[in-house]
Amino acid sequence: MSKKAAAKKPAAKKKPAVASKNKSLLVENRVFKPNPEFVKQARIKSMAQYKTMWEESVKHPDKFFGREAKELLWQKPFGKVHEWKCPNSKWFVGGKLNVSENCLDRHIHGARKTKAAIIWEGEPGEKRVLTYQQLHREVCRFANVLKRNGTKKGDRVIIYMPMIPEAAVAMLACTRIGAIHSVIFGGFSAESIKDRVNDCQAEIIITADGGYRRGAIVGLKKNVDDALKGKDTSVKKVIVFKRTGQDIHIEEGRDVWWHRELEYVDAKCPAAQLDSETPLFILYTSGSTGKPKGILHTTGGYLLHSYMTCKYVFDLRDDDVYWCTADVGWVTGHSYMVYGPLAMGATSLMYEGAPNWPENDRFWRIIDDYKVSVFYTAPTAIRAFMKWGDHWLKKHDLSSLRLLGTVGEPINPEAWMWYHNLVGGGKCPIVDTWWQTETGGHMITPIPGATPTKPGTATLPFFGVDVGIVDDLGHEVPANEQGKLVIKKPWPSMLRGIWGDKKRYQETYWSDFKGWYFAGDGARRDKDGYIWIIGRIDDVLNVAGHRLGTAEVESALVSHPAVAESAVVGRPDELKGQGVVCFVTVKEGIKADRSLADELKAHVRKVIGPVATPDEIRFAAALPKTRSGKIMRRLLKQIASGETLKGDTTTLEDINVIAALSAASGED
Ligand code: PRX
């Protein structure tokens, strides 16, 4: 946006300089025992059973996981269960299998043949159901389309799609032929697509003309076109699904329509025999540098973990209607909308749009309409529902629900209690699941028929997960003291690397504590051994459950010609968990005013995507630095949150900077 255009925008409402903290007003000390009705049907019915299984899983992982893995379909049985030479892990060595075959073929020869695999609702209201048999057919046909367009085993395929069944079809089709998919969330910009395409050297992009979000069309194909401008792209083909029907540019020789391609292929496509360690997907996520990391997951271990957690944590049953509200562009959408539930032969519901479209009760309406029984969402969504008011859900019958889950950020006890009482009617267990893109699946979580829950804690480790809460020297910290969260043993669905960057993989995860995985989170264990996640302790923010690197936003800001320097920090935000505050110094002769602040926000949206929109731009003459030139982020965080400054400021180069910064705000 030009400065002129920015200046014409109506003045935004003045925001308070300091957002209210997301600390709960309520301290909830009650412990919630599993509901006896739930326990009757649960796979794991007691803490004693959980503890026995957990002990075996960490003491004899080969025995435990070898037995669990036999529930999957192997084309060739594995030999050794597990090989570990830090940081390289191999699971189910020598075994061959295919993910799409596990998710589809093995369900279509029995009673599940005509069972709904995906129930879909579009934002404008269309409804579709794909049975396992139909989904199998669509995946086979589309796998043939991929082959027809030159895709081979090991090729990287970008998927940039709205939340429609074809996104799952595209993912599963890649797995059928051994291509590696990389799904990009629809809220990322053309530049973000370009970076990811270049990093993994993708040859093919699967997209749609557009998708619906809050009644508007998101121009996905337009973003792909912009990303592919210039001669240096690795992309040779773009396959376009017609979703919205608006006019789009079609590049002759490069772009093909999904529906036209289907006319040339048949519905037979054998599932490729793939080694258990064959790369399955790359998913980009933010780290503490400006460049997102391509997290690599492989076949056998990932599939087992997503399957096992759906079995034990969601305790999915054949008659469940299961709904995970995450977008397929995030890891939660991968593991818990597509792979885990389909591997279990469950019915997975998918909804395309926003929770408040056309009105604030869309989610409750969907639960009522489809009689959803297991519901998995994010604390940020729960806080928004609370704010919109109880009357929206009271209009609907939610009695079909039997289990609730949360993921993405710590849930404050107040939101937990609201979820428990109003959504779950006081009867549904809540599984607060801690995990990461890197871990592939749940790591710390209640087992719903066994674990007594306390609002705000993810409770205890999942099978095979050996957690430590340690100080900088790796010593376990005493109960109730904060430490760094580490995982001491490899687990089946752990990341296998960062695409193309072995060094960064080693340095990011394995160098703080030799042989242990450092998660980047702080946590404490209470006297009962329950783990309370404090949040990221690296330079990564968690905004509405989405990871965002402060360095990514900083590099987007300094790419604007007016900006000399920037430092980005998080501040507590009532709804989103964290808000993005950017401290900016401008170049000589540039006027730092509201119109520039708006322009910088628009610039960050353009560079990274709407997902990274700053909440506040604060201009300053200088940033607080140590004498050695390091920006003192600790101070900036305190300033952004409106806190009184604590700690040592003696290393600060110029103490006056602090007073100026505390006063400055681009929003004024
Ligand atoms: O800080 C933790 C937070 O989300 C981070 C992982 O983000 P991402 O890789 O995008 O994956 C999100 C979905 C799995 C973690 O390092 N986080 C995730 N789940 C929880 C959580 N924090 C507290 N409680 C959780 N249940």
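Visitor: How many aromatic pairs does a search of the whole structure find?
Guide: This is a predicted model, in which local features need pLDDT of at least 70 and side-chain atom pairs count only at pLDDT 80 or more, while totals for chains, interfaces and linings use all residues. Residues are numbered from 1 along each chain as its sequence is written, and side-chain values use heavy atoms, with hydrogens and water left out. Rings of Phe, Tyr and Trp (its six-membered ring) pair if their centres lie within 6.5 Å, and planes under 30 degrees apart count as stacked, over 60 as edge-to-face and the rest as tilted. With that rule, the search of the whole structure gives 42 aromatic pairs.

Visitor: Why is the pair F185 and F188 classed as it is?
Guide: The ring centres of F185 and F188 are 6.2 Å apart. Because their planes stand at 90°, the pair is edge-to-face.

Visitor: Are F185 and F188 buried or exposed?
Guide: Buried means under 20% relative accessible area, exposed over 50%, and partly exposed in between (1.4 Å probe, protein chains only). By this rule, F185 and F188 are both buried.

Visitor: How many salt bridges are counted between domain 1 and domain 2?
Guide: Domain 1 (357-432) and domain 2 (544-663) have bounds from an automatic or database domain assignment. A salt bridge requires a side-chain nitrogen of Lys or Arg within 4 Å of a carboxyl oxygen of Asp or Glu. Between domain 1 and domain 2, the count is 0 salt bridges.
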